[in-house]
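Me: Please take me through this model with some care, giving the cut-offs behind each term as it comes up.
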Amino acid sequence: MEQNNYHIFDKIFKKILTLSEKSVINMINGLFDTDYPLNSEIEYHWTEFVDDELKRTLADTIITVNRYNVYHIEAQVYEDDDIVMRVFDYGYKHSIRNRSDSDVLRFPEPRVIYFGDTKKVPDTYTLTIDFGEQGTFDYKVKTFKYQEHSVEEINNKKMIILIPFELLRLREILKKECNESNLKRLKSLVENDIIGNIYKNYQLGNITGSDTGRLIQMTKKLYGYLYSKYNQMEVIDKMDESLILEYEDLDRKYAEIDRKQADYERRLKKYEGVESQFKETMTKYETTKAEYETTKAEYENTKAEYENTKAEYENTKAEYENTKAELESLKTEYKAKFNQQDDIIKQLKEEIELLKGNK
């Protein structure tokens with residue numbers, strides 16, 4: 001029985017963790033009190049632990065979010081005194097395999113989810129590591145006790161992908177007393193607490209359409225495993241059949257919706273890329289335009305300075321021409337005077353010669 005428990009719960013929990021990235025990120029945010037955007041990137045590191053009797057452990061998963069933040073999630077039905085040792089062992093092995101700094105070991109942030117009885121399960125497991133003279137360190141692993149949280153709390157934390165395990169809430173009660181009253185409670189639990197909240201979370205956008213169909217199918221499978229052995233199940237079977245028949249094509253229908261949504265988001269992303277390029281081009285254009293306006297202003301200033309210099313040159317040239325004309329006029333005037341003086345001197349020389357001859 002323990003071996004079968006391990007297989008059924010292990011398979012369902014692993015399927016839950018392979019739902020859409022949106023739904024898994026919502027669960028991580030609720031479980032670890034983080035606030036990652038729903039489009040965050042997820043990378044899986046699957047590990048398992050099975051003891052000699054194949055019991056207690058459901059699934060063990062290490063998830064990296066956005067290529068840096070690492071989380072270790074382990075799911076349990078039964079209490080396990082060795083769980084903290086195993087979580088530490090997995091964390092240590094993971095840090096060795098994935099270290100980027102030779103001098104630093106970075107452990108995942110751990111959390112253990114208990115779906116069954118948690119009367120003896122502590123809120124936090126502590127493993128004390130003794131380093132001798134270097135002192136001790138307390139390695140702590142917090143627990144999440146599913147059955148201590150109401151369906152409303154699970155909804156508020158957006159951890160709806162764990163809802164198929166809500167079926168475990170009435171298992172021990174029905175084992176003790178399988179009567180009509182308890183069967184009606186089981187029907188209400190399936191119809192309202194599980195199926196109703198799955199659909200509600202789809203409408204709120206916390207999970208995808210594909211998630212919706214798969215969660216319903218997982219609920220059906222786990223329900224069949226836990227409660228099919230009871231004889232007086234007509235009302236439950238009828239309710240189960242009607243609901244499953246109603247939703248049996250949701251996976252296909254919602255997958256098509258998701259495909260269209262993904263196509264829309266791809267086109268939107270492409271548009272945003274084009275818009276970003278356009279804005280970048282416009283920024284460059286505005287910068288170039290500003291540089292052009294500055295250069296144009298500098299050109300206009302230089303042109304004005306040139307025109308002023310040209311005007312000054314023209315004035316100077318005119319003054320030069322006037323001065324040159326005045327010099328030519330003076331030159332002609334002085335030349336005429338020099339010629340006149342030469343004639344006078346020549347005449348005086350001739351008169352002197354005549355005077356000398358008369359003597």
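Predicted model: local features only at pLDDT ≥ 70, side-chain atom pairs only at ≥ 80, totals over all residues.

Residues are numbered from 1 along each chain as its sequence is written, and side-chain values use heavy atoms, with hydrogens and water left out.

Me: What is the mean pLDDT of the chain?
Reply: pLDDT is the predictor's confidence in each residue, from 0 to 100. In this chain 87% of the residues reach 70 or more, and the mean pLDDT is 83.

Me: Over which residues does pLDDT stay under 50, with 33 contacts beyond four places in sequence?
Reply: A contact here means heavy atoms within 4.5 Å. The model has 33 such contacts beyond four places in sequence for the stretch with pLDDT under 50 at residues 49-59.

Me: How many helices and strands does the chain have?
Reply: Both are DSSP runs numbered from the N terminus, helices being H or I with at least four residues and strands being E with at least two. On that basis, the secondary structure comes to nine helices and six strands.

Me: Is Leu-167 buried or exposed?
Reply: Leu-167 is found in the loop between helix H4 (151-156) and helix H5 (171-176). With a 1.4 Å probe and protein chains only, buried means under 20% relative accessible area, exposed over 50%, and partly exposed in between. Because its relative accessible area is 0%, Leu-167 is buried.

Me: How far apart in space are Leu-167 and Tyr-223, C-alpha to C-alpha?
Reply: Leaving aside neighbours within four places in sequence, Leu-167 is in contact with residues including Leu-186, Ile-194, Leu-222 and Tyr-223. Leu-167 and Tyr-223 are 56 residues apart in sequence, while their C-alpha to C-alpha distance is 6.8 Å.

Me: Which helix gives the largest share of the lining of the largest pocket?
Reply: On a 1 Å grid over the protein atoms alone, a pocket is an open set of points where a 1.4 Å probe fits, with protein on both sides within 12 Å along at least five of seven lines, and lining residues have an atom within 4 Å of a point. The lining has 21 residues, and Lys-22, Leu-38, Asn-39, Gln-261 and Glu-265 lie nearest the centre of the pocket. Helix H2 (21-32), helix H7 (209-227) and helix H9 (250-358) each supply at least two lining residues. The largest share, nine residues, comes from H9.
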